[in-house]
Amino acid sequence: MAALMTLGLLASAAVLFHVGTTDAFNALTFGGRLVGVAFIAAALVEVIAALAVCDYWGKRAVRYSGAAVLIGVGTVTVTDLMFLITQFEGHDYTPFIWLWIGLLLWMGWASWVLARQRVWRGIPHPKSIALSVMVSGVVGAASLSYSQMYVPYVTPVTVPFTVSFGAPTMSADGTSLHLPAHVELRNSSSVRIYVVGTLWTVTGNPTIFDPQGKGMDEWKRDMWEHGSTLTHVRYSPSRLMGAGEFVTPGSPIEPGEADSVDKNVDVPLRSGLSRVTISATISYIRADRVRLPVNSYMQTIEASWDTASRQQKHQWDAPEWVAESGDEVYRHYSTISHSSEMANLTHTMDYVTAWWTIPKWHEGRLYAKENTNPYLSVSITSDADGEEHISEQEAESYGIAIDRAETERPIEELLKAARK
């Protein structure tokens, strides 16, 4: 009986000491670190209770060894229920759930044993002790909620993000414009962020007057995709002039830090194009809610084509929600750790992925044949293949965001600026 009582107390203390020491030094929020310190204190209480078991079921040389055991069992009850509730709240399965259930069964047995022993006899002010355990549980639960839920959500993240064109210059042979494209972002918040993925594209569009006007299907598509429509003007088919990333996936951006990129794009003249558009997309995730491994960089990269051969043959399709069958993609992905070790033990590990899609042309595409228009999408999934999406609420808890910016200039206006 004493051995089983000691085993339960030490098992709980070992878990609490591991979680407490990890979170006290490494939790992503100050509140999480305070909870880590509280768990270390709870582990010490349970170790003292385990030592008191030997005396209580032995010579009883220490007057309050029974009270120490009772407080230890109460501490196991409070902390184990915290883990169990957090596990159920996350709707995730981890092997540690069997430990929480095992400790719950142990607590029922330990309470029964202590009740038969009437361990509270001889304890001064037993009601005060019981009340202190209850208060400690309430304070612990409040601290947990504060560190794991409230603090990460009340701090807003603002990342101003702009795209612009620089001053164009004429090429030496007069057949094209050298056009600088500028993308800039700044972390204006007090929260560090990790970049999940970025993409910039520069495209040229014709301006074709259509006296017949567009049909309702095209109006609806324009309104849905662009928020506006010009019923007698067509801007397709477009031609891609340049594309690329402007921040390495997984890169941290500290509060107040800015990053930018400048690319010179050649715009052909007398090509039937009349407008140039620069678009950029950035996705980021909050560093006070997750931690990226491998030195904070998303270093795992895969492509859907055979990158080692000259033919660059297509090898596999991305999930349907990312791209159509036959479209080429490449992706960076990484596992993500939660904001605290407690969350890591009670929640499964998820994956964050940035997908760059290079769609193939087919009839009806708004870009020219043998051309493309790449785009970026991101996901948080429970599998590395990107198929099993987590719920929107769970994804929101990670603080992932995606932002886009776009601007355009008529080629005629750029040409005038280049001739000045």
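Me: Hey, where does Q312 sit in this model?
Reply: Q312 is in the loop between β12 (300-303) and β13 (328-338). Keep in mind that this is a predicted model.

Me: Okay. What's the phi of Q312 like, positive or negative?
Reply: Positive, at about 50°, even though Q312 isn't a glycine.

Me: Which other residue has a positive phi without being a glycine?
Reply: R270 is one of them, with phi near 50°. R270 lies in the loop that links β9 (258-268) and β10 (275-286).

Me: Switching topic: where's D327?
Reply: D327 is also in the loop between β12 and β13, the loop where Q312 is found.

Me: So is D327 buried or exposed?
Reply: Buried: D327 has 2% relative accessibility, and buried means under 20%, so it gets that label.

Me: What does the D327 side chain reach?
Reply: The side chain of D327 reaches the backbone nitrogen of K360, at 3.0 Å.

Me: And which residues does D327 touch?
Reply: Leaving out residues up to four places away in sequence, D327 touches S304, H314, T357, I358, P359, K360 and R365.

Notes. Residues numbered from 1 in each chain as written. Predicted model: local features only at pLDDT ≥ 70, side-chain atom pairs only at ≥ 80, totals over all residues. Heavy atoms only, no water. Helix = DSSP H or I, 4+ residues; strand = E, 2+ residues; numbered from the N terminus. Buried < 20%, exposed > 50% of the residue type's maximum accessible area, 1.4 Å probe, protein only. Polar contact = N/O pair within 3.5 Å; in protein donor to acceptor, adjacent residues only side chain to side chain. Contact = heavy atoms within 4.5 Å.
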